[in-house]
Amino acid sequence: MNTAQIAGRLMGVDWQTSRNGKQWAKFSVLVEQVNYNGDREEFCIPIVAFGKTAEMLQEIRRGQLVSVACEVRSREYQEKHYLDLSASRISALVGNREAQPSIGKPMQAEDVSFEDDDIPF
């Protein structure tokens with residue numbers, strides 16, 4: 001099984017109802033990364049949730065930090081291939097924007113040095 005773990009801020013939740021009357025949700029998580037130039041970039045990752053997993057979204061506010069365990073699924077539509085993320089677990093994380101630690105520059109390979117004796121295997 002292909003899985004992904006996403007952590008970021010919950011953005012909009014769009015509630016849908018299936019043909020058999022069950023609710024499901026489309027939502028996105030805003031994540032931040034530092035690119036190779038050291039600049040911060042933000043982007044939204046779209047995710048879907050069904051059943052009890054979707055119900056967890058009712059207890060989480062927009063902008064709150066979340067961790068989402070997802071199953072990665074592929075599909076084909078009009079001769080194009082797409083990857084979809086389907087949430088299997090959603091957890092609210094503690095913290096707020098002011099309390100978040102800042103993200104520094106990515107570590108470069110030359111920043112790390114160790115001796116052969118330092119490796120435990």
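Which residues is Ile 45 in contact with, leaving aside its neighbours within four places in sequence? The first legend answers this. The model is predicted: local features need pLDDT of at least 70 and side-chain atom pairs count only at pLDDT 80 or more, while totals for chains, interfaces and linings use all residues. Residues are numbered from 1 along each chain as its sequence is written, and side-chain values use heavy atoms, with hydrogens and water left out.

**View A. Ile 45 in strand β3 (residues 40-50).** Strands are DSSP runs of E with at least two residues, and helices are runs of H or I with at least four, numbered from the N terminus. Beyond its neighbours within four places in sequence, Ile 45 is in contact with Ile 6, Phe 27, Ser 28, Val 29, Val 31 and Leu 85; contact means heavy atoms within 4.5 Å. Ile 45 has a relative accessible area of 16% and is therefore buried (under 20%; exposed is over 50%, partly exposed in between, with a 1.4 Å probe and protein chains only). Gly 8 lies 37 residues from Ile 45 in sequence, with 9.4 Å between their C-alpha atoms.

**View B. The largest nonpolar core, with 18 residues.** Such a core is a set of buried Ala, Val, Leu, Ile, Met, Phe, Trp, Tyr and Cys residues joined through side-chain atoms within 4.5 Å. Phe 27, Val 29, Ile 47, Val 68 and Ile 90 have the most contacts inside this core. At least two residues come from each of β1 (3-17), β2 (23-34), β3, β4 (65-77) and β5 (80-92). Strand β2 gives the most, 4 residues.

**View C. Thr 53 in helix α1 (residues 51-55).** Thr 53 is buried, because its relative accessibility is 17%. Apart from neighbours within four places in sequence, Thr 53 is in contact with Ala 87, Ser 88, Arg 89 and Ile 90.
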